[in-house]
Amino acid sequence: MKIIEVESYEKLSLLAADMIASQVLLKPDCVLGLATGSSPLGTYENLASRCGEGRLDFSRVRTVNLDEYCGLTAENPQSYRYFMDQNLFGRVNIDPANTHLPDGSASDMEAECARYESLVESLGWPDLQLLGIGHNGHIGFNEPAEDFPARVHTVQLAESTIKANSRLFDRVEDVPTMAVTMGIGTIMKARRVLLIAGADKREIVERAFHGPVTPQVPGSILQLHPDATVIFTRS
């Protein structure tokens with residue numbers, strides 16, 4: 001595992017964008033695993049700028065996102081599909097048919113989990129998976145638990161996760177309490193993993209990557225990944 005500490009969020013975003021851009025340049029039809037939340041916003045801004053300047057081509061790239069809230073349609077402004085369309089997909093020359101997220105509005109979530117796992121497998125797993133990390137150590141929406149979930153599954157969100165995500169909703173009561181997420185086993189099949197974290201995540205970064213590997217800190221599993229990079233900021 002490679003751990004890089006940088007002085008600012010801007011530097012973090014630039015380095016993360018460099019890694020993703022390099023993957024696209026080396027393999028134009030690569031599969032990118034993507035994440036949502038505040039951490040990747042600067043990275044996506046960098047990637048969109050490079051595409052707009054003609055320095056990066058997403059026309060053959062395929063993407064798979066980590067997760068989606070249960071109960072929200074793709075058109076809902078709080079959905080992760082909407083987030084990705086606004087912050088990346090709608091700003092680069094990617095084929096919308098090549099962008100994939102779980103369907104949080106599916107009537108049969110068990111079937112949806114199996115469908116999405118099969119989809120990710122059919123694409124050959126991500127060449128590079130981008131991750132953030134929660135204050136409780138979750139990656140994707142894999143909350144602290146007794147074991148590491150192997151496959152795509154639904155999860156009851158922890159109270160701390162709901163509270164953290166409430167800043168994006170009008171009221172905390174509006175935050176969905178369930179989500180569908182790639183399992184730890186699914187995430188670990190990515191050939192490369194890139195995790196980014198701001199200064200407010202310093203404590204959990206220390207616990208996850210300098211402490212024991214335990215499902216109580218889900219991100220700690222990345223210590224066992226053959227090609228994982230963590231970039232975090234001092235401020």
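Two strands are taken as paired if DSSP finds at least two bridges between them. Strands (E, at least two residues) and helices (H or I, at least four) are DSSP runs, numbered from the N terminus.

I noted that this is a predicted model, in which local features need pLDDT of at least 70, side-chain atom pairs count only at pLDDT 80 or more, and totals for chains, interfaces and linings use all residues. Residues are numbered from 1 along each chain as its sequence is written, and side-chain values use heavy atoms, with hydrogens and water left out.

Entry on the sheet. I looked up the strand order and found an open sheet of 7 strands, β1-β10-β9-β6-β2-β3-β5, with parallel pairing. β1 (2–6) and β5 (99–100) stand at the edges with a single partner strand each, so one side of each has no neighbour in the sheet.

Entry on β2 and β6. I found strand β2 (residues 31–34) running parallel to β6, joined by 2 bridges. Leu-32 stands opposite Leu-128 in β6.

Entry on β9. I next followed strand β6 (residues 128–131) to β9, with which it pairs in the parallel sense over 4 bridges. Leu-130 has Leu-194 in β9 as its bridge partner. With strand β10 (residues 228–233), β9 forms 5 bridges, again in the parallel sense, and Ala-197 stands opposite Phe-232 in β10.

Entry on burial. Strand β9 (residues 192–197) is largely enclosed by the rest of the structure, because 5 of its 6 residues are buried, that is, under 20% relative accessible area (1.4 Å probe, protein chains only).

Entry on the crossover. I recorded that β9, helix α7 (residues 202–210) and β10 make a right-handed β-α-β unit: with the strands pointing away from the viewer, the path from the first strand over the helix to the second runs clockwise.

Key
Buried means under 20% relative accessible area, exposed over 50%, partly exposed in between (1.4 Å probe, protein chains only).
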